[in-house]
Amino acid sequence: MTIKELEKIAYDIEIEFELLNNVQINFDENKEDKESCAILKGDIYYIRIGIKDYNDLEKITNEQCNHICNSILHELIHARNFFSLQNEEREKIINNKMTLAHYGWKVLDEYSAYKEANQVYPETADELNGNVDDVFKAFEHMGKGILIKESDWNLYDAFYNYCSALIVRYILDKQNLLKENTENYKRGVKKYMEDLEYSYNKMPLTYKQYESLGRRLVSDLLILVPEKSKKVFKYNTHIRDLN
Ligand SMILES: [Zn+2]
């Protein structure tokens, strides 16, 4: 595999998604794969795929190749989802960070990227970092006391990252995720994923629909949290319009 071949794979997806004028992709030998990311500047989505883990790109295994392709497709799905929004909805979401609508949008976008990329380039649970309990513990921790020391944005972003970890685990390792946990945990996680799947089939949503999705998803997560901890959990999401 060469950079040229990777670029060709990305190019073909960009054509399929009609993204040629809105995306710039770059393969970065100084970044690790897990540092792959996308940043929006103006009307262009700049995507960086880290390839530092692969010392010699020409000699990578089929699994590694599958993994890079999965990352390329994943990031391009984010770009596609973003540009599929109506201008007005897009502006509203960008300008209303840390709201239910912003949260609903972010997690549905992530669900869609993991789900679809995995249908084309299937990955296994081996690719996951950490273990099953980490996700559960993170949510449990959020119900235990007011989290401080960081900015509201960092805490909101951390909450989003826990949700994202839950989603990827559900997609790659559903059986283990739902094994050996309390009934409430299983019920909450299942409900959360059902709500995502339902909205996924209706994408792109309007701002109002993202807002109501965000509200439903938070109440699904609250099923995981003991009654006495619900209030503090809600506070710790740092979603501004959650009450
Ligand atoms: Zn993503």
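**Entry 1**

I looked up Glu 18 and found it in the loop between helix H1 (3-16) and strand E1 (23-28). Helices (H or I, at least four residues) and strands (E, at least two) are DSSP runs, numbered from the N terminus. The model is predicted, so local features need pLDDT of at least 70 and side-chain atom pairs pLDDT 80 or more, while totals for chains, interfaces and linings use all residues. Residues are numbered from 1 along each chain as its sequence is written.

I checked the backbone of Glu 18. Its phi is positive, near 55 degrees, and the residue is not a glycine. Most residues other than glycine have a negative phi, and most peptide bonds are trans. Is Glu 18 buried or exposed? Glu 18 counts as exposed, because it has 11 C-beta neighbours inside 10 Å. My cut-offs, with C-beta atoms placed from the backbone: buried means 20 or more other C-beta atoms within 10 Å of the residue's own, exposed means 12 or fewer, and partly exposed is in between.

**Entry 1: other backbone points**

I went on to Met 98, in the loop between helix H3 (87-95) and helix H4 (100-120). Met 98 also has a positive phi, about 60 degrees, and is not a glycine. It counts as partly exposed, with 19 C-beta neighbours inside 10 Å.

Next I looked for a cis peptide bond. One joins Met 203 and Pro 204, with omega about -5 degrees. Pro 204 sits in the loop between helix H7 (183-200) and H8.

**Entry 2: Tyr 46**

I found Tyr 46 in strand E3 (residues 44-50). It is partly exposed, with 15 other C-beta atoms within 10 Å. Leaving out residues up to four places away in sequence, Tyr 46 touches Gln 24, Ala 38, Ile 39 and Lys 41. Contact here means C-beta atoms, placed from the backbone, within 7 Å. I also checked Ala 79: it is 33 residues from Tyr 46 in sequence, and their C-alpha atoms are 9.1 Å apart.

**Entry 3: H7 and H8**

How do H7 and H8 pack? Their angle is about 165 degrees and their axes are 8 Å apart. Axes are lines fitted to C-alpha atoms, for helices over the stretch in contact, and angles run from 0 to 180 degrees between N-to-C directions. H7 and H8 are therefore roughly antiparallel to each other. The classes are: under 35 degrees roughly parallel, over 145 roughly antiparallel, 65 to 115 roughly perpendicular, the rest oblique.

I listed the contact. Gly 188, Lys 191, Tyr 192, Asp 195 and Ser 199 in H7 meet Leu 213, Arg 216, Leu 217, Asp 220 and Leu 221 in H8. These residues divide into 4 nonpolar, 2 polar and 4 charged. Ala, Val, Leu, Ile, Met, Phe, Trp, Tyr, Cys and Pro count as nonpolar, Asp, Glu, Lys and Arg as charged, and the others, Gly among them, as polar.

I then took helix H5 (residues 132-142) and helix H6 (residues 152-178), which pack at about 140 degrees with axes 10 Å apart. That makes H5 oblique to H6. Val 132, Val 135, Ala 138 and Phe 139 are the H5 residues in the contact, and their partners in H6 include Tyr 162 and Leu 166. The contact holds 8 nonpolar residues, 1 polar and 1 charged.

Last, I checked helix H9 (residues 230-237), where Phe 233, Asn 236 and Thr 237 are buried. The buried residues of H9 pack against H5, H6 and helix H8 (207-222). After H9 comes His 238, with a positive phi near 60 degrees.

Note on methods. Contact = placed C-beta atoms within 7 Å.
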